[in-house]
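Open the model in a viewer and keep the sequence panel at hand. The stops below are meant to be selected one after another.

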Amino acid sequence: MSTKENVQIVKDFFAAIGAHNKQDLLALVAADIEWIIPGEGWPLAGTHRGHAGLVELLQKASETLETSYPKPFEFVAQGYRVLVVGFATGRIKATNKTFEDHWVFAITVRNGKLTNVREYIDTQALARASEVDASHRL
């Protein structure tokens with residue numbers, strides 16, 4: 001597939017996530033997709049594999065945080081690799097703490113399907129927003 005087609009597939013993927021359209025989303029990813037979210041101290045960190053792992057990750061994300069993207073994404077592509085550059089603001093639901101996150105997703109597209117997503121995010125900002133204050137513990 002061409003670089004332009006790969007960018008469109010990634011744009012369609014983000015549109016499906018935004019629309020909470022599970023059917024379209026799964027149609028755009030390989031059955032053995034791997035999504036890597038770095039960090040410790042917050043619930044979404046880890047490696048998520050396959051359709052089941054992706055669905056579980058997105059469900060956990062919707063339960064864990066609220067996010068908005070005030071600026072349009074930037075797409076940079078070469079061959080089968082698409083980098084998506086963005087900025088997000090949000091709130092961790094459990095702590096009610098807010099965060100700002102400048103991020104890059106490195107996405108691999110092969111044969112018209114996303115096969116790998118690797119997030120480069122502000123793990124410290126997300127971990128801090130996920131921390132429960134000791135004074136609120138029982």
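This is a predicted model: local features need pLDDT of at least 70, side-chain atom pairs count only at pLDDT 80 or more; totals for chains, interfaces and linings use all residues.

**Stop 1: the segment before the helix**

Select Ser-2, which sits in the segment before H1. Ser-2 is partly exposed, its relative accessible area being 33%. To Thr-108, 106 residues apart along the chain, the separation is 13 Å. To Pro-72, 70 residues apart along the chain, the separation is 23 Å.

**Stop 2: helix H1**

Now select residues 3-18, which form helix H1. The helix has 16 residues, and the distance from its first C-alpha to its last is 23 Å, close to the 22 Å expected at 1.5 Å a residue. Show the side chains of Asn-6, Val-7, Ile-9, Val-10, Phe-13, Phe-14 and Ala-16; these are the buried residues of H1. What do the buried residues of H1 pack against? Their partners are helix H2 (22-27) and the strands E1 (29-37), E4 (74-78), E5 (81-92), E6 (97-110) and E7 (113-120).

**Stop 3: two loop residues with positive phi**

Step past the end of H1 to His-20, in the loop between H1 and H2. Phi of His-20 is positive, near 55 degrees, in a residue other than glycine. Is His-20 buried or exposed? With a relative accessible area of 68%, His-20 is over the 50% cut-off and therefore counts as exposed.

Then jump to Asn-96, in the loop between E5 and E6. Asn-96 is not a glycine either, yet has a positive phi of about 65 degrees.

**Stop 4**

Centre the view on Val-84 and display its surroundings. Leaving out residues up to four places away in sequence, Val-84 touches Val-10, Phe-14, Phe-73, Glu-74, Phe-75, Trp-103, Val-104, Phe-105 and Ile-107. Val-10 and Phe-14 in that list are also among the buried residues of H1.

**Stop 5: the largest pocket**

Select Ile-17, Leu-58, Ala-61, Leu-65 and Tyr-69, which lie nearest the centre of the largest pocket among its 32 lining residues. Elements giving two or more residues to this lining are H1, H2, E1, helix H3 (50-64), strand E3 (65-68) and E6. The largest share, 7 residues, is from H3. The volume of the largest pocket is about 880 Å³. How do the residues of its lining divide into nonpolar, polar and charged? Colouring by type gives 22 nonpolar, 6 polar and 4 charged.

**Stop 6**

Find Pro-72 in the loop between E3 and E4. Pro-72 is exposed, at a relative accessible area of 75%.

For a contrasting site, select Thr-108 in strand E6. Thr-108 has a relative accessible area of 8%, under the 20% cut-off, so Thr-108 is buried. The C-alpha of Thr-108 is separated by 4.8 Å from that of Arg-81, although the two are 27 residues apart along the chain. Setting aside neighbours within four places in sequence, Thr-108 is in contact with Tyr-80, Arg-81, Lys-113, Leu-114, Thr-115 and Asn-116.

**Stop 6: helix H4 and what follows**

Select the buried residues of H4: Ala-125, Leu-126, Ala-127, Ala-129 and Ser-130. They pack against E5 and E6.

Finish on Glu-131, in the segment after H4. Glu-131 is partly exposed, with a relative accessible area of 46%. Draw a C-alpha distance from Glu-131 to Ala-94: the pair is 37 residues apart in sequence and 9.0 Å apart in space. Beyond residues up to four places away in sequence, Glu-131 touches Thr-95 and Lys-97.

Definitions and conventions
Residues are numbered from 1 along each chain as its sequence is written. Side-chain values use heavy atoms; hydrogens and water are left out. Helices (H or I, at least four residues) and strands (E, at least two) are DSSP runs, numbered from the N terminus. The expected span of a helix is 1.5 Å times one less than its number of residues. Buried means under 20% relative accessible area, exposed over 50%, partly exposed in between (1.4 Å probe, protein chains only). Contact means heavy atoms within 4.5 Å. On a 1 Å grid over the protein atoms alone, a cavity is a set of points where a 1.4 Å probe fits but cannot get out, and a pocket is an open set with protein on both sides within 12 Å along at least five of seven lines; lining residues have an atom within 4 Å of a point. Grid points are joined across faces, edges and corners, and a volume is the space filled by probe spheres set on the points. Ala, Val, Leu, Ile, Met, Phe, Trp, Tyr, Cys and Pro count as nonpolar, Asp, Glu, Lys and Arg as charged, and the others, Gly among them, as polar.
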